Amino acid sequence: MSELFFEIATISLFMASGFAVAKLLKIQQTSHALALGLGLSVLWRTLSHSLLYFIGLGQYSPELWALGSILAIVVAAATQLRNGKLWAGFGFSSILALVAALSTRGLGIRGIPHSDSLWILTLADLFQRNGDMEIVGGRTAIKRGFAYPLTLALGLDGSQLTGLTPLIYLALVIGLFWAVSTLAPKLDLKQWLWIALPVLLVLTTAPIVLRAVWYVNGHTLTALGVLLAVTSVVVSVREKALTRQLLVTLTTGLALISLTRPEGVAVAAVIAAPLISKRWISRWDVRIIAGSALLSFGVWMYLYDGYIPNLIRMYDERFPILMLILSFAAGMKIFDWLRFRLVPIAISGMALMLGVVLVRSFGSLTDDIWAQIQNMFLGAGFWGTFFIAVIAGLALIGVKGQSESYRLLLIISLMLVLGSLAAKLLDGGLFGDPTLGRVGWTDSLNRMWLHSFGIFLVTLFVGYAERISQRTKDQA
């Protein structure tokens, strides 16, 4: 029982403190604050541990994390004493934590055993013992993620924070509500049911979506980062303004992506491209956006002996300094010619790279391509009818008469697909021949689709909602 109580208390503090910081940042919608709050808590855990690890005091990082988390709640409560939404959010945070902790510690539900999960649990144990990360130098262990196992290490000694994984999934679901309610036109309940029921029916055919609730891996944390970042980009482009609240949400999402997956910094660049390519965005905002991804990645690789600095022979602090320089350079006038054309350059560049690799290595990739077709469309990857429904749904919606936001969601979705394929080919190409993976749900590319899964859903919801709204206006 002590483990259960510790789990509930820790996860409650984790969720409530992030929500408190979100409210201090004047995030109005509760769903927005809850989803963002989890991301902020992960970043605080990452930052607090990294600071102490750097000076050789990493064993005290749980105490520093707890102290900062409690302080955030106290400050929010003291400054917003009469804010009913704050207290309701605290209550909801506790309920989410209770459900997440009971599902693992109470009911004993565990994720499907997998080698990547074992690597992550090993890393979490090493973090918990304040071990030297040079022990896992090289690509095999450190590429399994950083922010996620670091947060798992907040569990009792010799154990992990098991409820964290379903908690992240719950935050992702809440984030989906925020994204759809923010981007889609207003509909009544009956109209929403006409959209939601078929989508939910399709999801029941995709076991991987349910497995992800308890699967020990950083995929759902990455998906949350992608959702926060993409929604912020689309809203900012729609409003032609980047508010401080949207900037915080965007940079939090990009940092989460960059701290959770080795290819995350490239995915972050793809997501940010449609916004930083706009002429109205300030140069310092461009630098802040770029820095949120590049500096997060640089600190991870430098402090925790990542394999990429070793590949380019930048073993010391020169690597994060390089990331800082690149972040500053992103907003320089001399690079405007590139920045203003980022989206077409990114799409054509990724498409060209994929085309060249496929032409040069088609013979060796034939089985890989067939494997991905089986995974995505024939059930081998446990996606059921999801991708078939997404493609059919987007074809039915079309683009004629649709909003700029919907069109931008389509463009970003395309870029995420191309980016995932390119990242997989690059990963295989760096350490052998290019590969697209194998048959089965555990294939890495097959699981990478979980990162973009939320945005695919948001795009469908927004597209259908706009069509229904247009039809309602035409009939009025």
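**Charges, rings and cavities**

Modeller: The charged end of Arg279 lies over the ring of Phe340, 4.1 Å from the ring centre. Bear in mind that this model is predicted.

Biologist: What makes you say that Arg279 sits over the ring of Phe340?

Modeller: The distance limit is 6 Å from the ring centre. The charged end of Arg279 is at 4.1 Å, over the ring of Phe340.

Biologist: Which element holds Asp285? And why is Asp285 called buried or exposed?

Modeller: Asp285 is in helix H14. Buried means under 20% relative accessible area. Asp285 has 8%, so it counts as buried. Its C-alpha atom is 8.1 Å from that of Leu247, 38 residues away along the chain.

Biologist: Now the salt bridges. How many does the structure hold?

Modeller: The structure holds 9 salt bridges. One of them joins Arg105 and Glu3, with 3.1 Å between the closest N and O atoms. This pair connects distant parts of the chain: Arg105 belongs to helix H4 (residues 84–106) and Glu3 to helix H1 (residues 2–24), 102 residues apart.

Biologist: What makes Arg105 and Glu3 a salt bridge?

Modeller: The cut-off is 4 Å between a side-chain nitrogen of Lys or Arg and a carboxyl oxygen of Asp or Glu. The closest N and O atoms of Arg105 and Glu3 are 3.1 Å apart. The label therefore holds under that cut-off.

Biologist: Where do Asp116 and Arg447 sit in the chain?

Modeller: They form a salt bridge, with the closest N and O atoms 3.2 Å apart. The pair links distant parts of the chain: Asp116 is in helix H5 (residues 115–128) and Arg447 in helix H21, 331 residues apart. Both Asp116 and Arg447 are buried.

Biologist: What about Arg238 and Glu239?

Modeller: Their side chains meet in a salt bridge at 3.0 Å, N to O. Arg238, at 33% relative accessibility, is partly exposed. Glu239, at 48%, is also partly exposed. Elsewhere, salt bridges that share partners join Glu3, Glu7 and Arg105 into one network.

Biologist: On to the rings. How many aromatic pairs are there?

Modeller: The whole structure gives 19 aromatic pairs. In one, the ring centres of Phe54 and Tyr302 are 6.5 Å apart and the planes meet at 55°.

Biologist: Why is the pair of Phe54 and Tyr302 called tilted?

Modeller: Stacked needs planes under 30 degrees apart, and edge-to-face needs over 60. The planes of Phe54 and Tyr302 are at 55°, so the pair is tilted. It links distant parts of the chain: Phe54 in helix H2 (residues 30–54) and Tyr302 in helix H14 (residues 283–303), 248 residues apart. Phe54 is exposed, with a relative accessible area of 54%. Tyr302, at 26%, is partly exposed.

Biologist: Which residues form an aromatic cluster?

Modeller: Phe377, Trp383, Phe386, Phe387, Trp449, Phe453 and Phe456 form one.

Biologist: What sets the phi of Lys26 apart?

Modeller: Most residues other than glycine have a negative phi. Lys26 has a positive phi, near 70°. Lys26 lies in the loop between H1 and H2. The exposed limit is over 50%. Lys26 has 56%, so it is exposed. Phe382 has a positive phi too, near 65°. Phe382 is in the loop between helix H18 (342–377) and helix H19 (386–397). At 26% relative accessibility, Phe382 is partly exposed.

Biologist: Last, the cavities. How many of 30 Å³ or more are counted?

Modeller: The count is 3. The largest cavity holds about 60 Å³ of space. Helices H20 (404–430) and H21 (444–475) are the elements that give two or more residues to its lining. H20 gives the largest share, 4 residues.

Biologist: What kinds of residue line the largest cavity?

Modeller: The lining has 4 nonpolar, 4 polar and 1 charged. Among the lining residues are Glu263, Val267, Leu416 and His451.

How values were computed: Residues numbered from 1 in each chain as written. Predicted model: local features only at pLDDT ≥ 70, side-chain atom pairs only at ≥ 80, totals over all residues. Heavy atoms only, no water. 1 Å grid on protein atoms, 1.4 Å probe; cavity = no way out; pocket = protein on both sides within 12 Å on 5 of 7 lines; lining within 4 Å. Points joined across faces, edges and corners; volume = space filled by probe spheres on them. Nonpolar A, V, L, I, M, F, W, Y, C, P; charged D, E, K, R; others polar. Buried < 20%, exposed > 50% of the residue type's maximum accessible area, 1.4 Å probe, protein only. Phe/Tyr/Trp six-rings, centres within 6.5 Å; stacked < 30°, edge-to-face > 60°. Lys NZ or Arg CZ within 6 Å of the ring centre and 35° of its normal.
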